[in-house]
Amino acid sequence: MKRNWLWPLLLTLLIFALIVGSAIYMAYKSNQAKNTIYVDDFIKNQTIIIEGKVAQHQATYYLKPAKNDPVKVHVKEGETVAAGNPLYTYRAAGQEGNTELSLQIDNKRVEKEQIEGQISAYEERLSEATSEQSASIEAQINWLESELTKAENNISILEEKQKKQEDKLGALTIKASQAGTILDIDDDQLQSFTAVRQDKPVLTMSTGKPYFEGYARRGEVELLSPVMPFETTGDQPVKGSLTKVALIPRDELRGKSQGVKGFLIEGSLNKADGLYIGDRLSIAVHPSKKDHVWLPEKYVKKVMKNNKPEYYVKKVYGSDKSETKVTVEREAKQYVLVTKGLSAIDKLQAYKK
């Protein structure tokens, strides 16, 4: 009777022991996996995702307040302009006189050419004239030469007046500070030229190429630096590289004590086809690379020797372990930047669980 229940009990205890042992072994392996890394895999998988959008720098131009006349616009929306191209000109008294001066100068130049033609004709006659005719021809040439001098002087005077008019007009002309594309011309703002305040830009133009703009958290921004490559997430990834990693959160720059304290991140894009300003983007940045590995602090041991820090990592070779000294460039929150002493094939074990 006793033997009938003894064997099932032993079998149950054996199965229970196997289950518990398996659970303990799996927990050990899982804990070991959480506390060991292969350097090459770690570099490839360490990723910072930053949410942002497609942005573009813009230049805005405002009207001077309380003008008597509307401005004359020289560009249209969608037009590409070079630096120095005129955008719009303020009207002023005397602008019409510039056209009149141009006509006067043209007339004087025609008059000068006619006099020069007459002088040439008289000089040709003089070469064939008799002595009695020469005196009369020379007198006519002298008179024409004096008229030519007067014409040249008049042209110079008119050209100087024209230059002054053009300089005055140039001072009233607003020019593009840099190359770009005209994004918007506000017609309503154009008509408010008499207003004593100009709160809106009359003209907005884009400058430079579209770029990525986003914000990173404190723990992320410490691992980032300009020139780091990235790739957008999505079906058709766009590559690029970071161009700006802000050192001050935006709320501090704006003097705010509340809100999202994000650090501004900007990056160049290798192409803008199919992208529009304001499109949402996510970028994946890999902060670590060869000889620039941001290890979690639990994998690095810091020892003070002669008031100087020394850093060590625990490398695993099969069942053997060895401490190796490494070079650390700097420390961040929960991370340490190792620049020497690691290779891609190294397997590391954490000092802290």
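**View 1. D346 and its salt bridge with K315.** D346 counts as buried, at 6% relative accessibility. Buried here means under 20% relative accessible area, exposed means over 50%, and partly exposed lies in between (1.4 Å probe, protein chains only). The side chains of K315 and D346 form a salt bridge, 3.0 Å from N to O. K315 belongs to strand β15 (residues 308-317) and D346 to the loop between β17 (335-340) and β18 (347-349), so the pair ties together parts 31 residues apart in sequence. K315 is also buried, with a relative accessible area of 8%. A salt bridge is a side-chain nitrogen of Lys or Arg within 4 Å of a carboxyl oxygen of Asp or Glu. The model is predicted: local features need pLDDT of at least 70, side-chain atom pairs count only at pLDDT 80 or more, and totals for chains, interfaces and linings use all residues. Residues are numbered from 1 along each chain as its sequence is written, and side-chain values use heavy atoms, with hydrogens and water left out.

View 2. The side chains of E331 and K302 meet at 3.2 Å, N to O, in a salt bridge. Helices (H or I, at least four residues) and strands (E, at least two) are DSSP runs, numbered from the N terminus. E331 is partly exposed, with a relative accessible area of 41%. K302 is partly exposed too, at 47%. Elsewhere, K305, E310 and K325 are linked in a network of salt bridges.

**View 3. K108 and E111 in helix α3**. A salt bridge joins the side chains of K108 and E111 (3.6 Å, N to O). The two residues are three apart in helix α3 (residues 95-128), so about one helical turn separates them. K108 is partly exposed, with a relative accessible area of 23%. E111 is partly exposed at 30% relative accessibility. A search of the whole structure finds 12 salt bridges.

**View 4. L63, a buried loop residue**. L63 lies in the loop between β2 (48-61) and β3 (72-73). Its relative accessible area is 5%. Leaving aside neighbours within four places in sequence, L63 is in contact (heavy atoms within 4.5 Å) with V71, Y88, Y90, Q189, L190, F193, Q198 and V202.

**View 5. A patch of negative charge on the surface**. E77, D184, D187 and D188 gather in this patch. Asp and Glu count as negative, Lys and Arg as positive; His and the chain ends are not counted. Patch residues have over 30% relative accessible area and no salt bridge; like charges are joined within 9 Å, nonpolar side chains (Val, Leu, Ile, Met, Phe, Trp, Tyr) within 5 Å. Each charge is placed at NZ of Lys, CZ of Arg, CG of Asp or CD of Glu. D187 lies in helix α5 (residues 187-190). D187 is exposed, with a relative accessible area of 52%.

**View 6. The whole chain.** The secondary structure comes to seven helices and 18 strands. Of the 353 residues, 33% count as buried. Among contacts between residues at least 6 apart in sequence, 72% join residues at least 24 apart. The chain exposes about 23,000 Å², and carbon and sulfur atoms supply 52% of it.

Key: Accessible areas come from the Shrake-Rupley method with a 1.4 Å probe; for residues, only the protein chains shown count as cover.
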